[in-house]
Structure formats: C-alpha cells, structure tokens
Amino acid sequence: MKRSGAQIIIEQLCVHGVTTVFGYPGSAVLPLYDELYKNAHRIRHIITAHEQGAAHAADGYARASGKTGVVITTSGPGATNIVTGIANAYLDSVPLVAITGNVDVPLLGKDSFQEVDIVGITQPVVKHNFVVRDIEELAFILHEAFRIAGSGRKGPVLVDIPRDIQTKLCTYQEMKPADTAAPIQKHGDLQEAIQAIKGSKRPYIYAGGGVVASGAQEELLEFSRRICAPVGLSMMGMTALPASYEWNLGMCGMHGTEAAAIVESESDLLIALGVRFSERATGDIEAYRKNRTILHIDIDLSEIDKNVPSQIGICGDIKEVLRSLLDTLPQRENNAWQQRAAQLKSTQNVSSQNNFSPKSIIETVSRYCRSDTLIATDVGQHQIWTMLYYPFEKCRTLLTSGGLGTMGYGMGAAIGGCIAMGGRQTVLFTSDGSFGMNLCELATAVSQELPIVVVILNNQSLGMVRQWQTMFYEGRYSQSTLHRKTDFAALADAFGAIGYKAATLQELENALQNAPKVGPMVIDCPINIDEKVLPMIPPGGCVEDIITS
Amino acid sequence: MEKFTIELIVANRYGVLNRITGLYARRGYNIDSLNVNETADPQFSRMLIVSRGDAYIQTQMVRQLSKLYDVKEVTLMATVNFKK
C-alpha cells in the first residue's frame with residue numbers, strides 16, 4: 001500500500017514507541033501537521049511558545065523517562081531556533097530526534113524563503129544528521145535516526161525532510177526498531193582493573209551521567225559498598241546515588257563539596273565511571289592525576305585518555321562492566337578510610353548570610369517534595385545551590401543543563417519532564433536572569449495544566465557573573481546588575497498561572513501549601529545580591545586553592 | 001610535529017568529505033594532503049589524509065573518526081621508513 005511521506009513519518013514514530021512529540025508548525029511541515037491532526041489519538045503533540053522551548057521539552061522528556069525525545073519544527077527560523085536545544089542534548093548525551101521541514105527539493109540551495117542548511121549548521125552538535133532527498137529512503141532514515149540516538153553513547157540526530165517529500169507517495173514497509181544494544185568497541189583489560197582495585201588502600205569513585213544513562217544505580221551502590229569507596233558525582237551524575245547514602249559525598253569539582261575535593265585528593269585510586277573529565281570537574285589536571293592511579297570506564301572510547309590520561313581505560317556499558325567487576329571482587333573492610341570520608345561528609349557546613357538564604361529556601365522546598373519529584377533547573381548560582389542542597393534520592397529526577405550550560409533550559413525541560421512522567425509533581429529552581437530568557441513557556445505549562453512550581457531565586461542580577469566579577473574582576477559589575485522592575489507574581493497571573501512573592505520562609509511555606517494540582521505556580525523569592533556559591537575551586541586550581549568563605 | 005596518515009573507508013555520498021574535514025577543522029588540525037578515490041564497490045570511497053600531530057592527536061583522531069556514521073573503517077598507517 002502506498003503512503004505519503006507524512007504518513008510514513010507518523011508510522012515510523014509509532015513503531016518506535018513515540019507517544020508524545022513537542023513542536024511548532026510552519027509552512028514546510030504542514031503536510032506532517034495534517035497527519036498529526038488525523039493521528040492525534042496515536043501521537044500527542046505539545047505546542048510550545050517557542051521552538052527552543054520545544055527542543056528543551058523533548059530533552060527534559062528524554063532525561064526523565066529514558067526514552068528518546070522528539071521535536072518537530074518548520075524550516076528556516078524554526079530549525080535554527082532548536083540549534084541550542086540540540087547542542088544542549090549533544091553535550092549531555094541525551095537521546096533526541098529532531099525533525100525539521102525544509103523547502104521543496106527543487107528549491108534547495110536557492111536561498112528560498114525560510115531555507116537554511118540546517119544539516120550544515122547542526123553538524124558539529126549531532127551524532128548524525130540526514131537530508132531526505134528521496135522518499136524511498138525516508139523510512140530507513142527515520143529508523144536509523146532512532147537507532148543512532150538511542151544506542152551507545154546517546155545523543156541527538158536531526159532529520160531534515162523537504163515539504164514535497166512529505167507529500168510524495170511510496171510503498172511503505174514497516175521497519176521495526178533496531179536492537180539498540182549497538183556493538184561497543186572493546187577496549188581494556190578487566191583483570192588490570194581488578195588488580196588495581198584490590199591493591200588500592202584509598203579508592204574513590206567519580207561517577208557521572210553514564211551511570212544514569214545505563215541504569216546502573218544499583219550496581220554503583222553495590223560496587224561502592226563492596227570495595228569501600230566513597231563517591232563524588234559529576235553534575236550529570238547527581239541522581240546516580242541517593243543523597244542519603246553515607247558514602248555519597250555529593251558533587252565534585254569547581255563548585256563541588258569540600259568533602260569530595262578532599263577525599264579525591266587523598267585517594268590512591270580514582271575510578272571514573274561514565275564521565276568525561278570536564279575541566280569544571282578536574283581543575284588543574286597535573287594536580288588531579290598526581291599520586292593516584294586513574295581507572296576510566298566509559299561507553300565512548302574517544303573519551304578514554306581525551307582529557308585526563310588514565311593508567312587503565314575500559315570501554316563498555318557501565319552496568320555491564322560493573323556487573324563483571326562485582327562477579328569477581330570480594331567484600332573489603334576499610335574502617336579508617338570509611339571513617340575519614342564519613343567524618344568529612346558530616347562536617348560539611350555551608351554558611352548562609354541570612355535566614356532567607358538560597359540554602360534555607362531549597363531546603364524548605366525539598367520538604368514539600370516527594371522522593372520522585374522532578375527537579376529542573378536553569379543555569380547559574382541557583383543551579384549549583386540546587387546540586388549542593390537538594391537531596392536527590394531517585395534516579396532521573398534531575399533535569400539540568402550540564403555541558404552546554406544553557407540559561408533558559410529549565411522551563412522547557414520542566415514541561416517535558418512533567419509530561420513524560422504523567423503530570424508528576426515538578427519543581428523548577430531558576431533565577432531572574434535565566435527565567436527571563438524563556439519565560440514564554442509558562443504559557444505552555446498553563447495550557448497543558450502542568451503542576452510545575454517555579455521557584456525564582458531573585459537576586460536582581462546575573463549572580464554567577466557577578467560572583468566572578470567580585471572574585472576575579474575587582475568588583476567591576478559589567479552588565480550583571482539588571483535594574484529590572486519585573487513583578488514575577490503579577491506576570492504569572494497575567495499568564496494564567498498562580499503567582500506569589502515570598503520574602504520569608506513562612507511566606508514560602510504558605511505559598512507551597514497552596515500549590516495547585518493543576519497548572520503552574522510561580523514563587524518569586526528575593527535574595528541577597530551578594531550571596532555566593534561556595535565552596536569554590538578557582539578555574540585551573542586544585543584542592544589547596546579551595547575558597548570556603 | 002610528526003606527520004601521520006589515516007586511511008578511511010567511507011560511504012560514497014554527498015556531505016561525507018565535509019563531515020570528516022570538519023572534525024579536523026574543529027580541533028585546529030591542518031590537513032597537509034587529502035586523497036579521495038571511489039573503490040571497486042561504488043558504495044564506498046577510500047580516503048588518505050596526511051596531517052601532523054603527536055601520539056595523543058593521532059589516537060584521538062582515529063577514535064573520533066570511528067564515531068562518524070559514514071565512516072566504515074579507520075586505519076592509522078604505520079610510518080614507513082624505506083631506503084634502497
């Protein structure tokens with residue numbers, strides 16, 4: 001039976017288990033949107049306020065659910081508006097399929113209306129991308145797109161589909177999803193790893209997003225207990241272990257905990273699991289490597305020895321590698337090391353300058369949350385405070401932009417995550433700067449009746465920029481003080497959401513008590529402009545350079 | 001810096017050369033010479049790329065190139081020292 005290109009897209013989405021897509025229509029995708037209209041009972045389409053929001057929503061959907069997110073936009077500006085969202089997914093290895101329309105095939109390359117070379121534009125920030133110039137290739141290309149996005153080290157794939165391809169007819173043969181357990185390049189010797197672990201007196205685990213991606217939380221916990229190794233987490237790995245686990249030292253790196261920095265510096269074996277050694281996590285690489293063996297395990301061979309040379313590198317799926325190690329490694333006893341880590345964790349104290357501080361605000365909100373509440377953030381000081389003070393207990397409950405550091409990510413991500421988990425309680429920690437970038441998506445949360453609580457840590461400035469200007473630019477606050485007069489509570493009301501202003505913990509609690517079951521709420525929390533993210537290891541520094549007050 | 005040659009078997013279609021040279025360009029590695037030929041099987045092309053870099057760069061290039069969808073085989077050619 002012959003089907004149109006648009007019908008084939010719908011069939012391929014359904015075959016790959018897609019039930020929800022995020023997007024924004026336009027002339028180059030009208031045939032596809034006509035089919036989405038006819039297939040509304042099979043695929044739910046969420047229209048956002050801006051294409052960037054749709055891309056972040058698809059990303060948030062993928063992070064919360066573990067499924068591949070899908071975003072659909074028209075050509076030209078529709079396509080360029082999702083570039084940030086695609087790059088964001090690429091840097092954090094989030095599985096995403098982006099479908100863009102384009103002008104008819106004969107008009108390609110002629111600077112036609114709303115024509116851009118989106119395949120050229122996105123090339124450095126996708127795992128792969130395709131232009132469909134022949135309808136006979138359409139089904140196969142979509143099949144490949146889902147296979148590539150969801151296999152190995154996950155990431156975004158873009159498929160550019162000209163409008164006339166969507167209307168042409170061809171015989172469609174259903175292509176079932178590929179087995180996503182793609183072959184992984186074998187590299188490294190497990191025996192060497194086992195010997196290093198057995199010979200280590202002070203092992204330390206640095207765990208990241210790869211643990212979450214491979215669903216290896218249980219294995220990581222067991223591994224840490226078995227070999228008596230405390231764990232520091234990268235930002236992408238924040239939900240890889242429960243915060244309540246006694247050897248979870250929290251985030252490591254530039255804005256990580258002091259306990260993680262000290263334990264890391266005292267370790268003789270650093271076991272890196274599913275991380276890429278971002279310079280934000282390592283600081284000075286020579287100091288980082290000194291006096292310890294580095295065992296690096298990652299699914300992407302090109303990450304081994306890329307940023308930090310390792311003595312032992314193993315390429316493989318984290319869950320499988322950990323299971324193999326657990327099959328062999330005996331239970332160890334290591335009281336002195338265990339006590340040292342526990343003592344450092346227990347003495348972690350971070351001063352707050354006043355009662356209504358970022359710490360007390362986040363702690364108050366966390367008491368109102370359940371263990372499976374989705375936490376989204378934007379980027380900046382509030383993001384780091386969330387990592388330091390929010391107790392993440394369950395995997396995939398955090399939606400945050402780690403690699404790209406995208407201000408304006410949070411609102412779209414909260415929407416996508418909330419929808420993915422069937423309208424689960426969702427909190428977005430944001431700031432006046434970040435929220436200002438994509439607050440238009442509040443309209444989407446209203447129209448979709450999503451129970452998202454937006455907590456704005458409002459310091460009237462770009463806090464992280466200001467902090468660096470205080471510390472490294474002698475207080476020259478170039479363009480970081482905003483002088484805006486936005487009334488976020490009134491703005492929320494204008495959007496059809498509920499708005500509150502809370503200047504005390506009591507007011508914050510009152511607002512949270514009134515959080516609606518249906519529809520979003522915004523709580524504007526004014527905080528001191530000079531609140532800082534501490535501790536901090538300056539760029540390129542090491543544990544000796546840590547600034548704690 | 002030491003010269004090194006990478007041999008690639010790649011899909012023979014538009015855009016592939018761009019993806020490969022883009023990978024070199026993003027890391028700031030100049031391509032000293034580039035050779036592309038269709039193989040006996042027209043689905044594939046063979047590329048020979050001469051560039052400069054130490055062992056770290058050579059390993060990174062092989063691993064990064066291996067990740068490209070259109071790249072089927074990557075070989076780091078041994079440096080040949082031959083005199084008659």
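Two strands count as paired if DSSP finds at least two bridges between them. Strands themselves (E, at least two residues) and helices (H or I, at least four) are DSSP runs, numbered from the N terminus. Hello everyone, let's keep those two ideas in mind while we walk through this structure.

A word on where it comes from. This is a predicted model, in which local features need pLDDT of at least 70 and side-chain atom pairs count only at pLDDT 80 or more, while totals for chains, interfaces and linings use all residues. Residues are numbered from 1 along each chain as its sequence is written, and chains are lettered from A and ligands numbered from 1 in the order in which they are written.

Let's start in chain A with strand β9, residues 203-207. With strand β12 (residues 269-273) of chain A, β9(A) pairs in the parallel sense over 5 bridges. Look for Tyr204(A), which stands opposite Leu270(A) in β12(A). β9(A) is also joined to strand β10 (residues 231-233) of chain A by 3 bridges, and these two run parallel. There, Ile205(A) has Val231(A) as its bridge partner.

How many residues of β9(A) are buried? The count is 5 of its 5, where buried means that 20 or more other C-beta atoms, placed from the backbone, lie within 10 Å of the residue's own. In a regular strand the side chains alternate between the two faces of the sheet. For β9(A), Pro203(A), Ile205(A) and Ala207(A) are on one side, Tyr204(A) and Tyr206(A) are on the other, and all are buried.

Next, strand β5 of chain A, residues 96-102. Here 7 of the 7 residues are buried, so β5(A) is largely enclosed by the rest of the structure. One face carries Leu96(A), Ala98(A), Thr100(A) and Asn102(A), and the other carries Val97(A), Ile99(A) and Gly101(A).

Now for two helices. In chain A, α17 (residues 358-368) and α18 (residues 381-389) pack at an angle of about 60°, with their axes 10 Å apart. The axes are lines fitted to C-alpha atoms, for helices over the stretch in contact, and angles run from 0 to 180 degrees between N-to-C directions. That makes α17(A) oblique to α18(A), because angles under 35 degrees count as roughly parallel, over 145 as roughly antiparallel, 65 to 115 as roughly perpendicular and the rest as oblique. On the α17(A) side, Pro358(A), Lys359(A), Ile362(A) and Glu363(A) meet His382(A), Trp385(A), Thr386(A) and Tyr389(A) in α18(A); contact means C-beta atoms, placed from the backbone, within 7 Å.

Finally, chain B. Its 4 strands form an open sheet in the order β2-β3-β1-β4, with antiparallel pairing. At the edges stand β2 (31-38) and β4 (71-76) of chain B, each with a single partner strand, so one side of each is left without a neighbour in the sheet. From one strand to the next, the twist averages 15°. Strand β1 (residues 3-11) of chain B runs antiparallel to β4(B), joined by 5 bridges, and Val10(B) stands opposite Val71(B).

And how do the chains meet? The contact takes 8 residues from chain A and 9 residues from chain B.

Technical notes:
Two residues are in contact if their C-beta atoms, placed from the backbone, lie within 7 Å. A residue is buried if 20 or more other C-beta atoms lie within 10 Å of its own, exposed if 12 or fewer, and partly exposed in between; C-beta atoms are placed from the backbone.
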